[in-house]
Amino acid sequence: MPSYTVMVATGSQWFAGTDDYIYITLVGTEGCSERTLLDKPFYNDFERGAVDSYDVTVGENLGEMELVKVEKNKYWVHDDWYCKYITVKTPSGDYVEFPCFRWLVDDKEVVLRDGRGTSRLPKDDKTRLEKQHRRKELESRRKTYRWTEWQPGFPMSIDANTHKELPRDIQFDSEKGVDFILNYSKAIENLCVNQFMHMFQSSWNDFADFERIFVRIKNTISEYVMQHWKEDFMFGYQYLNGCNPVMIQKCTKLPEKFPVTHNMVADCLEREMTLEEEIKAGNIYLADYELMEDISPNSTDPCTLQYLAAPICLLYNNSQSKILPLAIQLGQTPGKDNPIFLPSDGQYDWMLAKIWVRSSDFHIHQTVTHLLRTHLVSEVFGVAMFRQLPAVHPAYKLLLPHIRFTIAINTKAREQLICEFGIFDKANGTGGGGHVEMIQKAMRSLTFRSLCFPDAIKARGVDSPEDLPYYYYRDDGNRVWDATKSFVWDVVCIYYDSDNTVQKDEEIQAFVKDVCSFGMQDLDCCEFPKSLKTREDLTEYLTVIIFTASAHHAAVNFGQYDWCSWIPNAPPTMRKPPPTQKGVVDVKFIIESLPDRGRSCWHLGAVWALSQFQENELFLGMYPDEHFIEKPVKEAMESFRQRLAEVSSAIKIRNEGKKLPYYYFSPDRIPNSVAV
């Protein structure tokens, strides 16, 4: 009687093994086997990291292998099991691999497709069984991955209130590892600032007093920031290479709401040109925090009034190609009670004006640049992917590593961090609902093109290396974008031989439509495509997803401790309103404006925790789970890794000897997905 050898690989993550009963049924073109219990006497089957072999005897040859049905039944209590793959050796000696890479929970059956060949797109499924499997998989997934609106005007998210309600396949391996309350408390304890964390309403004595929560945790950049934060060059440099390097834009004409004159700034201009001439020469830039206007400040603590501002900052690219602040207006409407602050003003007037800009920049960074434009957008792509692309689709296999844990971290954030009375309310001036208003406003400018890195750079008029030679965020980002796009193009061309193939792939078209019509709620302003017509379109679309979830998230997330740990450089809240006149500010007023001891410590714990990589982090180009087994794709992956290594090497060489190295876009520091 013919005998098939079945090799079953159990995952190596925590709690991957099981003591439950595992049954298997082999399905071929000529028949199927009996439902067979996989069990060896006196042997502990399906242990974490193990590969176990079993013989399945059948009455007749099953023909070509098509499917494997796997069932898990309770032994004592339900014991989840993570199956990596199942390999079947046929009587003729052929090996057929069935990728799984998913959790089996409760008593449910999982049906796996043959991993061989190029039958990946809908058009490649020829048999009734293949088509039926594909359809049933998506029907099941759409019931599991449902859209919901967490807040009005937000991108849609997964329909789950807690991490435990998520499908097991997208949960963290250990929920304890992403408990925000636990992680922030641990960070505060590790940073030796826990003695201050409950000291709300208690002001620091002076700027040096902030060092009491800083001494034990220095690093190269944060220490440099502490030493130089008052200087104009440090203020300007952060617009290029800080943790929110997306605000600076070329000024082609001064806005009427910001009536800066030449006489105001003449002493700061170095080229013997008027302000108008400097603008025409392309040397003047703007940072406009208009989105902050009318945002409700945090009022959750009746003992502490908190304030926000919507400043505008004029920036100058001087003869040494340094970006320096020229003028700051702390509100959007000019007037006597909204003066334009200048470098020639009193020391403390100018210092406080810059602090207010840095605080507004922090709020935009946390809520818009980071939360909305990486976390929430990546979740939209992830939910749509699970709903519309089956596991055998090449786009699913390509995107899955870049969606890893994203829905889980966002769900945990909605559960603990940004919810009503969440951690965000403790230290942030936009807590208590202001952050929700910010995202609702920011959605009006969230377009698909703004997620295309080169387009976003060009739209702000900062694409010229000659004009801004030290804009490493732009230069490194373009390198990683190009490497990623080249890799995606290689993969797309393996499966799509023409533009027509893209147009006729109903699954990829449904995926794109689901993102726009449901994920982005079909907002007129979003301009997300509802269909893709060419291979170039598909390549760009997939590149946006991968780049947003990996590279851009890394660039705007992992520098938070570097740039925000020195509180005066990134105040998470302000306790006095913006000044309405000059000449009334002193050091005491500034200290009393900055966060108190308790809020400073919560902030410090937050930026520390958010800047840490996950345990066993997977970085860009690392694909340990072999969803693709085809040689051409593996060759494309190897080429991608080589190109990323070249980018990492170039960045390392450039950073040598620099007091302010820029490494956030270095591929060896870019996690595959949004998971923190």
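These notebook entries record what I looked up in a predicted model.

**Entry 1: ground rules**

I worked with a predicted model in which local features need pLDDT of at least 70 and side-chain atom pairs count only at pLDDT 80 or more, while totals for chains, interfaces and linings use all residues. Residues are numbered from 1 along each chain as its sequence is written, and side-chain values use heavy atoms, with hydrogens and water left out.

I counted two strands as paired if DSSP finds at least two bridges between them.

**Entry 2: the annotated histidines**

I began with the record. The unreviewed UniProt entry lists His370, His375 and His553 under "binding site". These three span 184 residues in sequence, yet no two of their C-alpha atoms are more than 7.9 Å apart, so they gather at one spot. I note that UniProt positions are given in the numbering used here, that feature names are shortened, and that annotations may be inferred rather than shown by experiment.

Where does His370 lie? I found His370 in helix H7, residues 347-388. The relative accessible area of His370 is 5%, so this residue is buried (buried means under 20% relative accessible area, exposed over 50%, partly exposed in between, with a 1.4 Å probe and protein chains only). I then listed contacts, meaning heavy atoms within 4.5 Å. Not counting residues up to four places away in sequence, His370 touches His365, His375, His553, Val556, Asn557, Gln560 and Val676.

His553 belongs to helix H16. Is His553 buried or exposed? I recorded His553 as buried, at 1% relative accessibility. With neighbours within four places in sequence left aside, the contacts of His553 include His370, Thr374 and His375, as well as Val674 and Val676.

**Entry 3: helix H16**

I next followed H16 along its length. H16 has 23 residues and reaches 31 Å from its first C-alpha to its last, close to the 33 Å expected at 1.5 Å a residue; the expected span is 1.5 Å times one less than the number of residues. I located a bend of about 45 degrees at Phe547 in H16, where the bend is the angle between axes fitted to the seven residues ending there and the seven starting there. H16 is mostly covered, as 21 of its 23 residues are buried.

**Entry 4: the sheet of five strands**

I traced an open sheet of 5 strands with antiparallel pairing, in the order S12-S13-S14-S15-S16. Strand S12 (249-250) and strand S16 (340-341) stand at its edges with a single partner strand each, so one side of each lacks a neighbour in the sheet. Strand S13 (residues 284-288) runs antiparallel to S14 and is joined to S14 by 5 bridges; Leu286 stands opposite Leu314 in S14.

Two helices meet this sheet. H7 packs on the sheet, touching S15 and S16, and its direction makes about 95 degrees with that of S15. Helix H4 (residues 232-241) lies across S13, S14 and S15, and runs at about 95 degrees to S15. Axes here are lines fitted to C-alpha atoms, for helices over the stretch in contact, and angles run from 0 to 180 degrees between N-to-C directions.

**Entry 5: the sheet of four strands**

I then turned to an open sheet of 4 strands, ordered S5-S1-S7-S8 with antiparallel pairing. Strand S5 (51-57) and strand S8 (95-104) are the edges, each with a single partner strand, so one side of each is left without a neighbour in the sheet. The twist averages 20 degrees from one strand to the next.

I followed the pairings across. Strand S1 (residues 3-10) is joined to S5 by 7 bridges, with Val8 opposite Asp52 in S5. S1 is also joined by 6 bridges to strand S7 (residues 81-89), where the bridge partner of Ala9 is Tyr85. S7 and S8 pair over 8 bridges, and Thr87 stands opposite Glu97 in S8. S7 and S8 form a hairpin with 5 residues between them, and Gly93 in the turn has a positive phi of about 95 degrees.

Which loop holds Ser321? I placed Ser321 between strand S14 (312-317) and strand S15 (323-329); its phi is near 60 degrees, a positive value in a residue other than glycine. Gln521, also not a glycine, has a positive phi of about 55 degrees. I found Gln521 in the loop between helix H15 (506-519) and helix H16 (535-557). Gln521 is partly exposed, with a relative accessible area of 29%.
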